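Try each task before you read its solution.

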Amino acid sequence: MSESVSTAEAPTRGLPPGDGEPSIWQRYGVVAVFLGPALILLGVWIVYPTIRTIIRSFFDRSGDEFVGLDNYQTLFEDDTLLTALRNNLLWLLIVPAFVTAVGLVFAVLLERVRFSTAFKVAVFMPMAISLFAAGVIWRLMYEKDPDQGTVNAAVAVVKDAVSPSGVLSAAQPSTDAMQGGPKGGLVLERVLATGDIAQLGLTGIRSSEVPGGAEQAVAPEALAGGITGVVWRDFKPGGGTAGEVEEEELGLPGVTVELRDENGRSVLETTTEADGTFAFEEVESGSYRAAIGPETFSEPYAGVSWLGASLITPAIMLSYVWVWAGFAMVVIAAGLAAIPRDLLEAARTDGATEMQVFRRVTIPLLAPVLTVVFITMLIYVLKVFDIVIAVAPGSVQDDANVIALAMWRTSFGGVNDFGLGAAIAVFLFLLVIPILAINVRRFRREV
Amino acid sequence: MTTAEIEPGGVESREPTATRIVRYLGKAPVYLVLVFLGLLWLVPTIGLFFTSLLDSTVVGRVGWWEIFSTPSLGTLENYGDILDNDAITSALLTTLWVSIGSTILPIFLAALAAYAFAWLEFPGRDWLFLVVVALLVVPIQMALIPIFSLYNDLGLFDTIPGLILFHTAFGLPFAIFLLRNFFIGIPKDLLEAARIDGASEMRIFFRLILPLGLPAIASLAIFQFLWVWNDLLVALTFARETQPITVAIFSQLRQFSANLEVIAPAAFVSLAIPLVVFFAFQRYFVEGLLAGSVK
């Protein structure tokens, strides 16, 4: 009895011993119970729809008229669909390689340290929260207004360090003594010589726009051998005289004042104090004019339009990398850990440098793992949907379009052309098959 | 030179402290880079969390980082509001039912089928198994249109069972594949002994196979649960009134700036569950991942 193990036919399986020859039903009834439910579900929900979708793709939107390959033709002619194809191509070319590379870098860094769990968790965590939630998070991050969007806030900080924005948004001279505009600067017409005082009064500045730290404007004293002046808000509620520094009028700090020579070129520059005063010390004798420089009026940073038509796809790709780098890192780290230490040691004792060890020993040994990660990403990238529909606002969905999104929008998102939608689905299927076939073959070899 | 005494489990055992410190200092740049990158990776999620705390009067106009300088901008009101918001709470409940159902059912059915493929004999068994695994290739998009019509005819459209059945079907190929490979590893003698003792296949399945298969089943369950909880595509296609949370948030996205005080807390709550599951079962997550991808 103990000899009759795993033979091809074992008609007594599943039956109490001692019965006669079982019937077909008894023999395979058990199998039916075990396999039946799963097979029914698979048949009804996967096999049958696949066939129906293929057939449906050859009919028009109503489903009544046979149109042959027309839908497939549309796939390659319609603008929106072509954008989807182009975008998916970009995704395929860029993202899997990028994710694998980032994962590799992280895994290598991690290998050199202990206590790596916290880092692993931080980087892997986005995988848990779904591509849709990730999309919502990044939609928030990519807001154009630097006051809201984190990415642009960071960019603004960098930009402000490099070229700060002006303190005033707009202003006009309070008297005819000054001419010009924010672009070229507001120039005081009166020619100045050393020892003169320049008064640059401005109006048209809202109280909320007066730079912080402004104090009561002060008319400065003359400076021998230099030129002094004041830039102030020449506006006294309830009257007052234009062109004169009066009480309750605030000086404007942080304003860039230029001293220009007879040719209009700026020879000296300074910034006003809290009370609006400025001073050019030790000026060579000559004729000058004072001007409020254009930098004073430079626009505050408006922010990069990540969610705009041109940058939307790269932006979404970046969010995708944020999600999947953790996957690549974990798998590659496991692969790294599996490399026998002796091989690396042997290479090192043979005199190889770290870089050589890495390139000649580690990478080739990692090749299978890197391939797994790369191919997995290829498959997922082909089907990308959630993150695109979450990050891309309605207005740029056409620009951010990808195949899976196009299929959904065409079938259920308003266009309601089931024939075309079916064709897109079949197209996606055809794209995925070769890549998955490679994967399945690898699994079969290892199973 | 350090004296490396051969102790069990370690080679470098007695390094002078000075050498150790120098070694750690050499690694300091790596540590710094890792800490920086790790924090960078956390920023987006932290951003969402603090955005969800912003008072509804300022959200959308002020950056979430302002909370650190002006704590009064933060409030738990938004969370209170969404808990009062019926659409959101029922969506969360729907998601819970769909996720639980779509985890238990496919794993149970897959385990049954996997056992049949592993230990029951019948003609065409291996060929059929390959066909089932091959179904992994089929993208969900292929099923959407016909099932949409089918559900309309059967009255399954916009129902929780409808969603569960769809997720179950598409969860089967991978689950069957994984479990069958696992079951094959169970020692034959155990099964033979049980059969000789006269146990029915059902009994063997429930008393022997399932308990033994628990590690693989646990990994699978976690993955499936998270996958279904986070799904948008299927929910978007087959749900209207009975919406999972992903769809509920999605419909709010239309008026993104206006609805941030709903979107941010709802999104955070919806991702809190997977996060908790993730942290609780980290180990299985990684193991399951590796089992599926690397051999």
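**Exercise 1. Compare the radius of gyration of chain A with that of a compact globule of 447 residues.**

Solution. Start with the rule: 2.2 Å times the number of residues to the power 0.38, with the radius taken over C-alpha atoms. Next, check the extents: the C-alpha trace spans about 125 × 75 × 40 Å along its principal axes.

Two ground rules before moving on. This is a predicted model, where local features need pLDDT of at least 70 and side-chain atom pairs need 80 or more, while totals for chains, interfaces and linings use all residues. Residues are numbered from 1 along each chain as its sequence is written, chains are lettered from A and ligands numbered from 1 in the order written, and side-chain values use heavy atoms, leaving out hydrogens and water.

**Exercise 2. How many helices and strands do chain A and chain B have?**

Solution. Count DSSP runs, numbered from the N terminus: helices are H or I with at least four residues, strands are E with at least two. Chain A gives you 13 helices and nine strands. Chain B gives 14 helices and zero strands.

**Exercise 3. What share of the residues is buried in chain A and in chain B?**

Solution. Set the cut-offs: buried is under 20% relative accessible area, exposed is over 50%, and partly exposed is in between (1.4 Å probe, protein chains only). Chain A then has 49% of its 447 residues buried. For chain B, the figure is 52% of 295 residues.

**Exercise 4. Where does A:Ser298 lie, and how far in space is A:Ser298 from A:Gly166?**

Solution. First find the loop between strand S9 (289–292) and H7 of chain A; A:Ser298 sits there. A:Ser298 counts as partly exposed because its relative accessibility is 28%. Finally, go C-alpha to C-alpha: A:Ser298 and A:Gly166 are 4.7 Å apart, though 132 residues separate them in sequence.
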